[in-house]
Amino acid sequence: MGNCIFCEIAEGRIPSIRVYEDEDFIVLMDINPLTVGHILLITRQHYVTTLEVPNNILAKALPLAKQLAEAAILGVGAPAFNIFINNGPESGQAVHHWHLHIVPRKEPGELPLKPGAPADLTKLPFVAATIRDNLK
Ligand code: AMP
Ligand code: ZN
């Protein structure tokens, strides 16, 4: 895939600091970490969002993320962590090659996340219905 920085990393043409790799994944240090120990689990193959990643690969990703999260929080002495995936530019995805963030957390407020607003309970069932209707 042309001009994809994570493909370049996967193919070894751009340097990375790796903590783990296998036939499906590479795990590297995020170059602009949100907290100390922020790592990225990336697929070897080029997929953009989670919707493109084959289920057999996704099924391996969360157990591996769990193992890495445990190592990361032990390694940096953090009691907590976030795991998240941005899917699409509107979600904040800047690198359009699938990756899962593992972010060790020492205190609230380290990430730029806002709490949600209370739902309008007259509308919530209709939002649920639009989702239910689109389940494949
Ligand atoms: P996202 O916003 O989910 O696409 O996150 C992309 C992440 O990739 C950001 O946290 C960046 O700091 C990180 N990143 C971008 N380029 C590199 C790179 N060359 N090596 C390591 N991490 C990178
Ligand atoms: Zn790529």
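**Exercise 1.** Is Glu8 buried, partly exposed or exposed?

*Solution.* Glu8 has a relative accessibility of 21%. Buried means under 20% relative accessible area, exposed over 50%, and partly exposed in between (1.4 Å probe, protein chains only). Glu8 therefore counts as partly exposed.

Before going on, note that this is a predicted model, where local features need pLDDT of at least 70 and side-chain atom pairs count only at pLDDT 80 or more, while totals for chains, interfaces and linings use all residues. Residues are numbered from 1 along each chain as its sequence is written, chains are lettered from A and ligands numbered from 1 in the order in which they are written, and side-chain values use heavy atoms, with hydrogens and water left out.

**Exercise 2.** Find the salt-bridge partner of Arg13, and the network around this residue.

*Solution.* Start with the rule: a salt bridge is a side-chain nitrogen of Lys or Arg within 4 Å of a carboxyl oxygen of Asp or Glu. Arg13 pairs with Glu8, with their closest N and O atoms 3.0 Å apart. Arg13 is exposed, at 51% relative accessibility. Next, widen the view: Glu8, Glu11 and Arg13 are linked in a network of salt bridges. The model has seven salt bridges by this rule.

**Exercise 3.** Which parts of the chain does the salt bridge between Asp24 and Lys60 link?

*Solution.* First check the contact: the closest N and O atoms of Asp24 and Lys60 are 2.8 Å apart. Then place the two ends: Asp24 is in the loop between E1 and E2, and Lys60 is in helix H2, so the pair, 36 residues apart, links distant parts of the chain. Helices (H or I, at least four residues) and strands (E, at least two) are DSSP runs, numbered from the N terminus.
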